[in-house]
Amino acid sequence: MAEDVVKVGGSHAAPTPGSAGVQTQVPGAPTTVSAVAGATGDIGAGNLVERDIDQDLFQFKSDDTPLMQLMLRAKKIKTNSPEVDHYMIDEPRSSVTTTSAVTESANQQFVLPLQSNDASIPRPYGTLLVKGVDGYAEDGVTKTPGKDLMLFVVGHDVTSGNPIVRAVNGPKSDASDEYCKTPAIPAGTTLIILANALYETQKEVDPDLIVPQPTTVYLQKRGMNQIVSDYYEAQKKRIPFGKAVIAEAAITNFKVRGNRTLYAGRKGKINVQTPKTGVQRIYFSEGVRYQVRKELQHTGKWTIEEIIALAKMVFTGEDVPKSVACLAGKNFLENIQCIDYSKHPEIQITTKTNPVGWTVTNFHTVFGDFELKHDPTLDRLKWSNSAFIVAYDRLVHYQYSAEHKSSERMEGEEATRESMLVWDALALKGSCHVWINGEGTTEHTDAVHIHMWDSETAPEEPAEGCAYYLLKDCPGINADAVAGQIWQFKNNTWSEYSGDVMAA
């Protein structure tokens, strides 16, 4: 006669498969003799058989949670709210781009057409170098090839807010004229921001316009409970599956799930009705996958030229990190390992222990070093072809409450509850972090999408805001588009990518 199971206060917990398909998981169940017996194939209570056990199986697996290890080493900032204004202050802008053409005329000054969010960057008494537009000699007639035109900012237009400028070395009607005429400047021209120029007795000048734009970061509260009955702990078990081992396994599971959340969590907040305290709010943190501002689209095999291009993108520009880690999925690492490096002896690949304490594969290029490390979390998230390039010194760990543990007797039960609570979030600083999307999936809409482009013809249907790293000269995009440059399709025009964070 089959034994009846009486359900008291909830459903009977049945074992479920883990990642390997083994029926070893009993979610939501306390650690009792009955629960453990059920998880081992319904062996009767008290009949746990003697088996050898792998002691290393239950040790803390820090190598399985590298992103969480980086978070714990990052700069900690205590907060007094689960909602934080996070400022991703970037390096100062070095250039702006014209949105429409300037027509040559006899006017001494003219309005420079810029995007609305760029109009206030050039300040009065500032100077701008117009790339690709030749200036003139002092006579105002003879062009000086290779010596770019320079503009002087005299103020801002009341109607449009765009800067009003004058040419410093522009064309003249007559060599004796004191002022230059308005030169022709094509649409999409890049203007480099140079130093200001003051008159003889000038002391006051407009301050630099640095207005950081905040994003709201939600801190997610995470918890772990384990319940061990006195009866279970008192059993003389032949296998060393005691309280300490149970704790290690539970904490490992807590860390692994938390590491997935650090990557792929989605930002949000909801209200829930609690049984004892009424309505309360739950916060969900945004994963770093959706915080990254630069996303490189790459599927399939990698070449040495693409690896060098990646190093150039990371270690040059307006926000250059000191060192980076490349947390990678298994297929990404395999592709990197299978590249033929025989024709590039300058590329050095060595094994070392980095400051975090990991054993990493150090990939040395002339631009900088990548520290390659396998992160199994990416494989579990189905991102095996992808990688996350993260700068060690560009992370912030926000904490609403520090990690704390507690142990208490359960009222009315012969059992002990061990608890762990943490309320925090990981946020990125700067724009140097890069997500390499190797899955061929939908692009992250808030990031600048960068593609490797190995053709002389322009992309047929480029998406708005997409940038292309040119592996060869591409006259189809622009006559000046040469290998090694990044060109962006924006506002239906092509322009050399300036590298600002919120370019998408």
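Which residue of β9 does F110 stand opposite? F110 stands opposite V165 in β9.

This is a predicted model, in which local features need pLDDT of at least 70 and side-chain atom pairs count only at pLDDT 80 or more, whereas totals for chains, interfaces and linings use all residues. Residues are numbered from 1 along each chain as its sequence is written, and side-chain values use heavy atoms, with hydrogens and water left out.

An open sheet is formed by 6 strands in the order β5-β10-β7-β8-β9-β6, with antiparallel pairing. Strands β5 (95-97) and β6 (110-111) stand at the edges with a single partner strand each, so one side of each has no neighbour in the sheet. β6 is joined to the antiparallel strand β9 (residues 163-167) by 2 bridges. Strands are DSSP runs of E with at least two residues, helices are runs of H or I with at least four, and both are numbered from the N terminus; two strands pair if DSSP finds at least two bridges between them.

The elements discussed here with their residue ranges are as follows.

| Element | Residues |
|---|---|
| Strand β9 | residues 163-167 |
| Strand β24 | residues 448-453 |
| Helix α5 | residues 304-315 |

Among the buried residues of α5 are I304, E306 and F315. After α5 comes G317, with a positive phi near 120°.

H449 lies in strand β24 and is buried, with a relative accessible area of 10%.

Note on methods
Buried < 20%, exposed > 50% of the residue type's maximum accessible area, 1.4 Å probe, protein only. Expected span 1.5 Å × (residues − 1).
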